[in-house]
Every structure is written in structure tokens, then in C-alpha cells.
Amino acid sequence: MEEREKETFKWKFWHLTMLLNLSILFYALVIIFLLIIPDPYKVPGSIFFLLAAVIMTMISRRSYVQTKEWLSQNTD
């Protein structure tokens, strides 16, 4: 793998890491909203963060598959 491809992979890996961390954060916020937040905001907040977590999971999965394909094409 050339230096330019290594740098590209580093940024793709960083991007995947941020997406995964954001997904985990949203799932954690669902639990926090269900356990700690007062009643009028409990259900809408947890539903909002659950939807955000599912969307981020789908985006992460799609990006992971694309990066995996890119990596298999660019390895020696």
C-alpha cells in the first residue's frame, strides 16, 4: 500500500470510528432518558435518540462495507 493510500485509509478509519462512537452514544442516551429524565420528556426523548441511533447504525454499516471494499481493492 502506498503512502497516499495509507493516509486515505487512516481518514476512512477515523470516520468509521466517529460514526460508531456516535451510534453508541445515542444508544446510551436512550437508556439515560428512560431511567433519569423526568416523565414528560422520557418517552419522546428516548424515541428520538433511538431513531437517531438506528440511523447512525445504518450509516456506519454502509460506510464500513464501502471501506472494506476499498481496502480489499487497494491492498497488495
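**Salt bridge, helix packing and a surface patch**

The structure, a predicted model, holds one salt bridge.

Me: Which side chains meet in that salt bridge?
Reply: The salt bridge joins the side chains of Glu7 and Lys10, at 3.4 Å from N to O.

Me: How many residues apart are Glu7 and Lys10 in helix α1?
Reply: They are three residues apart in α1, which means that about one helical turn separates Glu7 from Lys10.

Me: Turning to the packing, at what angle do α1 and α2 pack?
Reply: Helix α1, residues 3-35, packs with helix α2, residues 39-74, at an angle of about 160 degrees, and their axes are 8 Å apart.

Me: Roughly parallel or roughly antiparallel, then?
Reply: Roughly antiparallel, because angles over 145 degrees count as such. The crossing of α1 past α2 is left-handed.

Me: What residues make up the contact of α1 with α2?
Reply: The contact comprises 22 nonpolar residues, ten polar ones and three charged ones.

Me: On another topic, which residues form the nonpolar patch on the surface?
Reply: Tyr27, Leu50, Val54, Ile55, Met58 and Ile59 form the patch, and together they have about 490 Å² of accessible area.

Me: Where does the largest share of the nonpolar patch come from?
Reply: Helix α2 supplies the largest share, five residues. Ile55 is one of the residues found in α2.

Methods: Residues numbered from 1 in each chain as written. Predicted model: local features only at pLDDT ≥ 70, side-chain atom pairs only at ≥ 80, totals over all residues. Heavy atoms only, no water. Axes fitted to C-alpha atoms, helices over the stretch in contact; angles between N-to-C directions. Helix = DSSP H or I, 4+ residues; strand = E, 2+ residues; numbered from the N terminus. Parallel < 35°, antiparallel > 145°, perpendicular 65-115°, else oblique. Left-handed = near helix turned anticlockwise from the far one by under 90°. Nonpolar A, V, L, I, M, F, W, Y, C, P; charged D, E, K, R; others polar. Patch = residues over 30% accessible without salt bridge, like charges linked within 9 Å, V, L, I, M, F, W, Y side chains within 5 Å. Areas by Shrake-Rupley, 256 points an atom, 1.4 Å probe, with all protein chains shown as cover. Salt bridge = Lys/Arg side-chain N within 4 Å of Asp/Glu carboxyl O.
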